[in-house]
Amino acid sequence: MFRKIRVDTHLRRLIGCTSIPHGSEAAIGKMNGGGQMKTPRRMLDESWKKDIVLFLSSQTISLFGSSLVQYAIMWYITLTTKSGIMMTIYIVCGFVPTLFLSPLAGVWADRFDRKKLIALSDGMIAIATLLLVVLFFMGYEAIWLLMVISAIRAVGTGIQTPAVGAILPQIVPGEALTKVNGINNTLQAFIMFVSPIVSAAMLTMASMEMIFLVDVVTAAIAIAILMLFVHVRPVRKEAEEEAKTGGYLDDLLQGFRFIKHHAFLKEFFLFFALFYVLMAPAAFLTPLQVTRSFGDEVWRLTAIELAFSIGMMLGGVIIAAWGGFANKIHTMTFASLIMGFFTLCLGVVPFFWIYLCVVAFFGIAMPIFNTPTTVLLQEKIEETYLGRVYGVYGMISTSMMPIGMLIFGPLADVWKIERLLFVTGLLIVVLAFCLGRNKALLESGKPLLKEEKNPSGA
């Protein structure tokens with residue numbers, strides 16, 4: 001269920017472009033808490049709305065095709081092998097490349113054109129999938145081919161994720177970032193909702209090759225829209241030169257030093273590392289809990305997936321319309337408290353229909369948590385470092401929940417899963433209170449001054 005948590009996203013996504021030359025660029029720089037010069041953001045004219053609609057459309061189309069293939073491969077391996085070991089290998093192939101590539105991909109996102117990187121990663125995934133189509137048509141349907149393709153797709157995701165996160169501020173003016181990220185979360189939740197339904201329907205009516213071809217076609221459409229129609233403001237020339245002053249290793253180490261000496265990033269990432277570890281039982285053990293406590297009918301597992309996706313769609317709409325509290329850390333704290341409380345509730349509710357309601361409320365809280373997180377990084381981090389920061393963020397989000405499973409997975413065979421959910425929910429509530437009282441993080445969460453949002457005075 002909550003394994004879809006991508007806080008970004010993006011594993012997938014979620015949770016992020018070219019040149020909008022309109023408006024003037026003010027020569028203001030405001031020192032942030034870490035002593036780095038903050039890049040001023042321009043007020044863009046109304047043309048940015050067309051660009052962001054096209055950009056989000058291209059990413060949604062691409063995500064839809066990728067999700068279809070992801071579910072199809074997962075179910076094909078499950079039905080063909082009926083092996084837990086093979087599913088474990090598939091999961092490892094799907095996250096290990098992203099884990100190790102994310103920091104280096106962050107360097108690329110700061111060095112190169114982010115729009116081209118997104119298109120390149122989509123194209124690489126599409127070519128690998130097309131090769132798989134050809135091999136399947138020729139009769140080569142070995143499981144190891146699916147593992148290799150999954151690893152290649154994970155490499156593409158690892159390249160794309162920092163670029164997608166870093167590119168949005170090049171398209172969207174600062175005051176609209178919360179609304180746009182909220183809309184993006186809603187679109188991703190909708191894709192999560194429809195993808196398993198469509199994939200299951202296609203498996204009954206079409207061959208695996210045809211499902212793979214859908215991903216190739218959607219990737220081609222997404223790349224065409226992105227490269228031909230989306231206009232992205234380029235990174236400042238001086239910033240671009242600064243990002244290319246050393247070798248790749250130098251840039252990578254410089255990014256880690258930036259995080260180490262930044263006023264809030266160290267504590268920000270520490271919070272997320274602990275948060276993701278504590279989220280592991282809710283992310284991975286709830287399907288097992290449902291089969292043990294409520295019944296092993298397939299409809300129950302489907303119901304919790306749908307309840308979570310519906311909740312995420314509602315949460316995306318809420319945060320896009322509301323915008324959250326003025327201080328983004330207050331919004332994150334509020335959402336963390338909700339998630340901790342409902343994780344605790346998952347361990348005590350006696351009836352399945354109440355369980356589904358709890359799952360839906362948890363889903364509502366996810367975009368309310370993810371959106372200010374994304375916007376905070378986009379607003380506060382210099383664009384020359386934004387890709388590398390997103391790379392490290394992606395590495396943390398990819399690795400911490402599997403690490404949590406190394407702790408809670410074995411415990412699930414000793415303790416009831418309900419007890420694990422109750423304890424981790426309580427700890428998430430405590431962690432949320434710590435987040436809300438952290439002075440450095442609260443300072444970073446304050447809204448930008450008017451001149452920072454609109455330095456040109458337009």
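A residue is called buried here when its relative accessible area is under 20%, exposed when over 50%, and partly exposed in between. The model on screen is predicted.

**Whole chain.** Start with everything shown. The protein has 16 helices and two strands, and 58% of its 458 residues count as buried. Its accessible surface comes to about 18700 Å², of which 72% belongs to carbon and sulfur atoms.

**Helix α4.** Select residues 143–171, which form helix α4. Of these 29 residues, 22 are buried, so the helix is largely enclosed by the rest of the structure. The end C-alpha atoms are 41 Å apart, in agreement with the 42 Å that 29 residues should span at 1.5 Å a residue. Now pick Gln 160: α4 bends there by about 25°, and Pro 162 follows within four residues.

Arg 153 counts as buried because its relative accessibility is 10%, and Asp 215 is buried at 2%.

**From α13 to α2.** A search of the whole structure finds eight salt bridges. For another of them, select Arg 388 and Asp 110, whose closest N and O atoms are 2.7 Å apart. Arg 388 belongs to helix α13 (residues 386–411) and Asp 110 to helix α2 (residues 84–111), 278 residues apart. Arg 388 is buried, at 4% relative accessible area; Asp 110 is buried too, at 8%.

**The α13–α14 loop.** Next, select Asp 413 and Arg 292. Their salt bridge has its closest N and O atoms 3.4 Å apart. Asp 413 is in the loop between α13 and α14, while Arg 292 is in helix α9 (residues 265–293). Where does Asp 413 stand, buried or exposed? With a relative accessible area of 65%, Asp 413 is exposed, whereas Arg 292 is partly exposed at 45%.

**Nonpolar patch.** Show the surface and select Ile 310, Leu 314, Ile 318, Trp 322, Phe 325 and Phe 334, which make a nonpolar patch of about 520 Å². Helix α10 (residues 298–322) gives the largest share, four residues. Ile 318 lies in this helix and is partly exposed, at 37% relative accessibility.

**Cysteines.** Finish with Cys 93 and Cys 357. Cys 93 is buried at 17%, and Cys 357 is partly exposed at 37%. The count of disulfides comes to zero.

Technical notes: Residues are numbered from 1 along each chain as its sequence is written. This is a predicted model: local features need pLDDT of at least 70, side-chain atom pairs count only at pLDDT 80 or more; totals for chains, interfaces and linings use all residues. Side-chain values use heavy atoms; hydrogens and water are left out. Patches are made of residues with over 30% relative accessible area and no salt bridge: like charges are joined within 9 Å, nonpolar side chains (Val, Leu, Ile, Met, Phe, Trp, Tyr) within 5 Å. Accessible areas come from the Shrake-Rupley method with a 1.4 Å probe; for residues, only the protein chains shown count as cover. A salt bridge is a side-chain nitrogen of Lys or Arg within 4 Å of a carboxyl oxygen of Asp or Glu. Buried means under 20% relative accessible area, exposed over 50%, partly exposed in between (1.4 Å probe, protein chains only). The expected span of a helix is 1.5 Å times one less than its number of residues. The bend at a residue is the angle between axes fitted to the seven residues ending there and the seven starting there. A disulfide is a pair of cysteine sulfur atoms within 2.5 Å.
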